[in-house]
Amino acid sequence: MKKQTAGREYLGNLAPQFAALNDDVLFGEVWSREEQLSPRDRSMITIAALMGSGIFDRSFNDHIVKGLENGITKEEIVELITHLAFYTGWPKAWSAFAITKEIVEKESNNKEAN
């Protein structure tokens, strides 16, 4: 697993301890426990938790991208969001779909360009 440095890059000067906990504990120790949960499963759970909480900032974007990297298919993300719409709320699903659509289209365009 690639070493996470986003916390340090984004918050390192403002909140160095929080950034270190983000990068070293959450994304270092917790996400690396692959015997307990696969990265794919962790991504699905994280996407569901963020959507359920209504968190659609850059972390939601990053976790959609990471979920795709961890083997979740576009169709599975669509099904996940559709399923969660009934439990978390229709407007949250719309927000999640809007972000996912942008990411999927961007990745599709990048593949076509290469």
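Predicted model: local features only at pLDDT ≥ 70, side-chain atom pairs only at ≥ 80, totals over all residues.

Residues are numbered from 1 along each chain as its sequence is written, and side-chain values use heavy atoms, with hydrogens and water left out.

Let us begin with the overall layout. The protein is split into domain 1 (1-32) and domain 2 (38-113), with bounds that come from an automatic or database domain assignment. Taken over C-alpha atoms, the centres of domain 1 and domain 2 are 22 Å apart. To their contact (heavy atoms within 4.5 Å), domain 1 gives 5 residues and domain 2 gives 7 residues.

How can an interface be described? Its size is often given as the accessible area lost when the parts come together. Here, domain 1 and domain 2 bury about 540 Å² between them, and 66% of that is on carbon and sulfur atoms. Buried area is the accessible area (1.4 Å probe) that two parts lose on being put together, summed over both.

On the side of domain 1 that touches domain 2, the elements giving two or more residues are α1 (6-11) and α2 (16-30). Such helices are DSSP runs (H or I, at least four residues), numbered from the N terminus. By class, this side of domain 1 has 5 nonpolar residues, no polar ones and no charged ones. Nonpolar here covers Ala, Val, Leu, Ile, Met, Phe, Trp, Tyr, Cys and Pro, while Asp, Glu, Lys and Arg count as charged and the others, Gly among them, as polar.

How many salt bridges does the rule find across the interface of domain 1 and domain 2? The count there is 0, where a salt bridge is a side-chain nitrogen of Lys or Arg within 4 Å of a carboxyl oxygen of Asp or Glu.

## A buried threonine

Now turn to helix α6 (residues 90-113), which holds T100. Is T100 buried or exposed? T100 counts as buried because its relative accessibility is 4%; buried means under 20% relative accessible area, exposed over 50%, and partly exposed in between (1.4 Å probe, protein chains only). Leaving aside residues up to four places away in sequence, T100 touches F60, I64, I77 and I81.

## Salt bridges

A search of the whole structure finds 7 salt bridges. Among them are these pairs:

| Pair | Closest N to O |
|---|---|
| D62 and R58 | 4.0 Å |
| E105 and K101 | 2.8 Å |

D62 and R58 both sit in helix α4 (residues 58-69), 4 residues apart, which is about one turn of the helix. D62 is partly exposed at 43% relative accessible area, and R58 is partly exposed at 46%.

Helix α4 also holds K66 and E69, which are 3 residues apart, again about one turn. K66 is partly exposed, with 29% relative accessible area, whereas E69 counts as exposed at 57%.

In helix α6, E105 and K101 are separated by about one helical turn because they are 4 residues apart. E105 counts as partly exposed, at 39% relative accessibility.

Finally, R8, D23 and D24 are linked in a network of salt bridges.
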